[in-house]
Amino acid sequence: MGLGGCIILIAVGAILTFATDWDMRGVNLDLVGVILMVVGLIGVATFSSIARRRRVVVPPTTPVVDDPTTRRRGDGYSDGYGV
């Protein structure tokens, strides 16, 4: 479940808890709404911790070698003037 699904669970749970006055026999809609909000909050926390782990930047494993011989030009300007 992605971040959008978790937000939808929180929204539906809040609507069931705070914005409805339906009465169903055998079902407490306020409790169902609170459960949906808690599950949505747990999902958001889990998603954010997984997304934080994915953002770790791994340095390259191969070393970068700077070879000064490849920069020299044979036109007399190898000392840096005229570049």
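Leu 31 is found in helix α2, which covers residues 29–54, where helices are DSSP runs of H or I with at least four residues, numbered from the N terminus. The structure is a predicted model, in which local features need pLDDT of at least 70 and side-chain atom pairs count only at pLDDT 80 or more, while totals for chains, interfaces and linings use all residues. Residues are numbered from 1 along each chain as its sequence is written, and side-chain values use heavy atoms, with hydrogens and water left out.

With a relative accessible area of 48%, Leu 31 is partly exposed, a class that lies between buried (under 20%) and exposed (over 50%), as computed with a 1.4 Å probe on protein chains only. The C-alpha atom of Leu 31 is separated by 8.8 Å from that of Leu 16, a residue 15 residues apart from Leu 31 along the chain. Phe 47 also belongs to helix α2 and, at 32% relative accessibility, counts as partly exposed.

Helix α1 comprises the 17 residues 3–19, which at 1.5 Å a residue should span 24 Å, and the 23 Å between its end C-alpha atoms agrees with this; the expected span is 1.5 Å times one less than the number of residues. In α1, Cys 6, Leu 9, Gly 13, Leu 16 and Thr 17 are buried. Seen down the axis of α1, these buried residues fall within an arc of 95°, so they line one face of the helix, the arc being that of the directions from the helix axis to the C-beta atoms. The face of α1 turned away from this buried side carries the exposed residues Ile 8, Phe 18 and Ala 19.

How values were computed. Helices (H or I, at least four residues) and strands (E, at least two) are DSSP runs, numbered from the N terminus.
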